[in-house]
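Let's take a friendly look at how side chains pair up in this model. Have the sequence and the coordinates open as you read.

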Amino acid sequence: RWQKIFMIPLWSKMAVFWNKMFLTIIVLLIVLFLDAVREVRKYSAIHVNEKAANVNTNAFDHIQMKLFRSQRNLYLSGFSLFLWLVLRRTVTLLTQLAKGMASHAALETQVNDATEAAKRYMAENERLQEALSEKGSSKKKESAEATDEKLKKEVEHLKAELQMTSDALHKANNEVTAVKKQSEGLKREYDHLMKEYERLQVGSSGWLYEHDDL
């Protein structure tokens, strides 16, 4: 399904600019994340100073609001940066898996064709051997032996090609298995990080409630 989606002409045109777009968005998210870190540190220090000085309630609430916004921007930019990296890795693995499956299907077709050709040559070889046994003429016998020797060489050549194709198919199966394992590991890592994100959200909400009470 993903392979069919990636073969859409519009996606093929966008793929040319994919790396440039990815790097541009990465730089933008990093800048936003660093700016959010700076804002959090700035307003955290001001928040502590204003709280210690017991200033006007409105000014304290204003500083607390800016601190909350900076923390929100920090979470949004940080997890957006992380999820963007996860998205690129996922697309890369899906592309590799689609190519591996396509090459696997092509190798299977080649193996089947080579097997059928070997069977046909062996059947023809058997028919020639039977015809050779029925004919008593030495001249025809020599000609049939030459043909039989030629067919044997062709059968051996086809067997060698069949072995090479089988090895390539085995290698492709190993590559597809490795890509599937990488995809499963990425999914587990993504689920773990999403749980961490939910835990951080709950902790951040509790911290904000405590400071609101103050």
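## Side-chain contacts

A search of the whole structure turns up 2 salt bridges (a side-chain nitrogen of Lys or Arg within 4 Å of a carboxyl oxygen of Asp or Glu). This is a predicted model, where local features need pLDDT of at least 70, side-chain atom pairs count only at pLDDT 80 or more, and totals for chains, interfaces and linings use all residues. Residues are numbered from 1 along each chain as its sequence is written, and side-chain values use heavy atoms, with hydrogens and water left out.

Here are the two bridges:

| Salt bridge | Closest N and O atoms |
|---|---|
| Asp35 with Arg38 | 2.9 Å |
| Glu39 with Arg38 | 2.7 Å |

Through shared partners, Asp35, Arg38 and Glu39 join into one network. Asp35 and Arg38 are 3 residues apart in helix α3, about one helical turn (helices, H or I, are DSSP runs of at least four residues, numbered from the N terminus). Glu39 is buried at 18% relative accessibility, whereas Arg38 is partly exposed at 44% (buried means under 20% relative accessible area, exposed over 50%, partly exposed in between, with a 1.4 Å probe and protein chains only).

On to the rings. The structure holds 1 aromatic pair (ring centres within 6.5 Å, using the six-membered ring of Trp; planes under 30 degrees apart count as stacked, over 60 as edge-to-face and the rest as tilted). Phe22 and Trp84 have ring centres 6.2 Å apart and planes at 20°, so they are stacked. Phe22 is buried, with a relative accessible area of 9%.

Definitions and conventions
Helix = DSSP H or I, 4+ residues; strand = E, 2+ residues; numbered from the N terminus.
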